[in-house]
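Student: Please take one part of this predicted model, its disulfide bonding, and go through it closely. Give the cut-off behind each term you use.

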Amino acid sequence: MRINTPRKAVTGTAVGTLVLSGISIAAAQAASAEYSISVTQTAPVKSVYASTSAAASCKLNTITVTRTSMCLDVGARVDLLKNGKPVGSATFDIKHSMTLKTSKLKWGESFTVGKAKLVNAGGIHINVTVGGGKGVKTAVKFDQGSTLGPARKGTVGYAASVAKKKQLASPASYRFTFTKAGYTPGEITYKSAKYRWDDKFWGPTKRTKNPGCVFPSFPPVFTLSRSDSKVDESARHILDAQRKITGHPGASTPLHRITDETTINTHRRTMCGNVHNPDPKKYDCDEYPFAASKEGGNPARGSTRIISRSDNRTAGARLGGFYKTQRLLDGDGYYVRIK
């Protein structure tokens, strides 16, 4: 009769051999160090609104925004870790410059991973992905897998789509992944300022402006001049009203566009319905804040004045053009400046 040796005996013999040779399983596991990469932002990012080009005003750890441009400069740090303890580091910044098109649904961005200060941190490689949000396709051009150290440049192309008379908004989502042989990868993710694209400018039967994009958080400025004979009466009335009304609406605090015609007409009647007009063919009742603003329609915080019809209509046409140029949609804020 053949007697089979139990498997447990074989296993026990193998373990015993390891112990006798001076190597234990626990010791073998402890000898395997863990190497990983940790990536962090060096400081919080704050938002700044600029009256000039965003790129010209760009500063480290800020998002600088105009109506159509953004500069984002993020400080970053990569740490190489062994069993959770730093053994090397790299510090650098990542700078983005994005420019939108107010009459197009395609736009571009450039970015630079800056020159890194390396301390025992050679051989780290970079990969970049960018998401544009729902309805936006992105195309990233970058030397993927390039080594962190020298400055590296890249670009992103954006192509958006939106339904007729609709709008969408999203930030870009950035992901920078850092790898090194033998190390668990690390990454940093953050977002751009939120941009908005729309196809909202339509007349009764056709578009009045092609679809396009803006940064909606930036309030643009509508300007009239008292030295412009075509709108000088409107300009003087607005300036007087801004000085008189507490809070200086449109000057110290923004106005907000509304598009509902029923509400706009109600605002106009509330402000001008009882104002005497000596000759409606020559004159208009001008109201401020504008009837087409959320702040309009309140006699306790508004002003009316009889001015020439042509002056009022010219100023109104310019305001309508300003709405289109700046892609001001319902609820968007803006300022009114009188020179």
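Tutor: A disulfide here is a pair of cysteine sulfur atoms within 2.5 Å. The model is predicted, so local features need pLDDT of at least 70 and side-chain atom pairs count only at pLDDT 80 or more, while totals for chains, interfaces and linings use all residues. Residues are numbered from 1 along each chain as its sequence is written, and side-chain values use heavy atoms, with hydrogens and water left out.

The structure contains two disulfides. Start with the bond between Cys 272 and Cys 285, whose sulfur atoms are 2.0 Å apart. The torsion about this S-S bond is about -75°, so the disulfide is left-handed. Cys 272 belongs to helix 4 and Cys 285 to strand 19, so the pair ties together parts that are 13 residues apart in sequence. Helices (H or I, at least four residues) and strands (E, at least two) are DSSP runs, numbered from the N terminus. Both Cys 272 and Cys 285 are buried, a word that stands for under 20% relative accessible area with a 1.4 Å probe and protein chains only.

Strand 19 covers residues 283–288, and five of its six residues are buried, so the strand is largely enclosed by the rest of the structure. Strand 19 pairs with strand 20 (residues 303–308) in the antiparallel sense, over six bridges; pairing requires that DSSP finds at least two bridges between the strands. Within this pairing, Asp 286 has Arg 305 of strand 20 as its bridge partner.

The other disulfide joins Cys 58 to Cys 71, with an S to S distance of 2.0 Å. Its torsion about the S-S bond is about -80°, so this disulfide is left-handed. The bond links distant parts of the chain: Cys 58 sits in the loop between strand 2 (46–49) and strand 3 (62–65), and Cys 71 in strand 4 (residues 69–82), 13 residues apart. Cys 58 has 16% relative accessibility and therefore counts as buried. Cys 71 is buried with a relative accessible area of 1%.

With the bonded cysteines numbered in sequence order, the pairing reads 1-2, 3-4. Cys 213 takes part in no disulfide, and the nearest cysteine sulfur, belonging to Cys 71, is 19 Å away. Cys 213 is buried, at a relative accessible area of 0%.

Technical notes
Buried < 20%, exposed > 50% of the residue type's maximum accessible area, 1.4 Å probe, protein only.
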